[in-house]
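Reader: I have a model on my screen and some questions about how its parts pack. Can we go through them one by one?

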Amino acid sequence: MQMIISAVPRSKYKDLLAVWEASVRCSHDFLCDSEINRLKPLILEHYFDAVDLRCIEDKSGSVLGFCGVADGNVEMLFVEPNSMGLGAGKALITYAIKHQAATKVDVNEQNPKALAFYLHMGFSVIGRSPLDSQGKPYPLLHMALNTVDALV
């Protein structure tokens, strides 16, 4: 499958939000509907603008996933559930490492598939926080890229 990574214009933010919600509902079973609905406007109105945002599309222009990096930290990486396991996430993290200087990521401890993905991509757990960045009881694992072992 041909995939293209590009910068994201604001006109695509709603497409990215739809991918975010579908991905979160598939992978973040620890979040309830009210928490997801609380986060949606924050993501759309604030978080997308706070990162260097890239999306990956198929040749028809459908968004398969996206990644946002700030200060070397992958702040968001989400893939449309039907595209999981097809290389979109790997392409995005590879791009983030090579072109956006990404070397760190925080992963929800309750998301074992994401943890396995980042371990496979050459990251290691270097710390843990019992609360997320909003003070919610969703523990975060802090990860850093092993430059020697990175697959990119």
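Reader: In which sense do strand 2 and strand 3 pair, and over how many bridges?
Author: This is a predicted model, where local features need pLDDT of at least 70, side-chain atom pairs count only at pLDDT 80 or more, and totals for chains, interfaces and linings use all residues. Residues are numbered from 1 along each chain as its sequence is written, and side-chain values use heavy atoms, with hydrogens and water left out. Helices (H or I, at least four residues) and strands (E, at least two) are DSSP runs, numbered from the N terminus, and two strands pair if DSSP finds at least two bridges between them. Strand 2 (residues 52-58) and strand 3 pair in the antiparallel sense, over 6 bridges.

Reader: Which residue in strand 3 is the bridge partner of Arg54?
Author: The strand 2 and strand 3 hairpin has 4 residues between the strands, and Gly61 there takes a positive phi near 95 degrees. In strand 3, Arg54 has as its bridge partner Cys67.

Reader: What is the bridge partner of Val69 in strand 4?
Author: Strand 3 and strand 4 run antiparallel, joined by 6 bridges. Their hairpin has 2 residues between the strands, and Asp71 in the turn has a positive phi of about 50 degrees. In strand 4, Val69 is bridged to Val74.

Reader: How many residues of strand 3 are buried?
Author: Buried means under 20% relative accessible area, exposed over 50%, and partly exposed in between (1.4 Å probe, protein chains only). Strand 3 (residues 63-70) is mostly covered, and its buried residues number 8 of 8.

Reader: How are the rings of Trp20 and Phe78 arranged, and how many residues apart are they in sequence?
Author: Rings of Phe, Tyr and Trp (its six-membered ring) pair if their centres lie within 6.5 Å; planes under 30 degrees apart count as stacked, over 60 as edge-to-face and the rest as tilted. By this rule the count is 7 aromatic pairs. Trp20 and Phe78 make one that is edge-to-face, at 6.4 Å centre to centre and 70 degrees between the planes. Trp20 is in helix 1 (residues 13-27) and Phe78 in strand 4 (residues 73-79), so the pair ties together parts separated in sequence by 58 residues.

Reader: What kind of pair do Tyr118 and Phe123 form?
Author: Tyr118 is buried at 6% relative accessibility, and Phe123 is buried at 1%. Their ring centres are 5.6 Å apart and the planes stand at 80 degrees, so the pair is edge-to-face.

Reader: Which residues does Asn111 touch, beyond those up to four places away in sequence?
Author: Asn111 is in the loop between strand 5 (104-108) and helix 4 (112-120). At 7% relative accessibility, Asn111 counts as buried. Contact means heavy atoms within 4.5 Å. Leaving out residues up to four places away in sequence, Asn111 touches Ser27, His28 and Phe30.

Reader: With which residue does Arg25 form a salt bridge?
Author: A salt bridge is a side-chain nitrogen of Lys or Arg within 4 Å of a carboxyl oxygen of Asp or Glu. The whole structure has 8 salt bridges. In one of them, the closest N and O atoms are 3.0 Å apart, and the partner of Arg25 is Glu21.

Reader: How far apart are the closest N and O atoms of Arg128 and Glu109?
Author: Arg128 lies in strand 6 (residues 123-129) and Glu109 in the loop between strand 5 and helix 4, 19 residues apart. Arg128 is partly exposed at 47%, and Glu109 is partly exposed at 32%. They form a salt bridge whose closest N and O atoms are separated by 2.7 Å.
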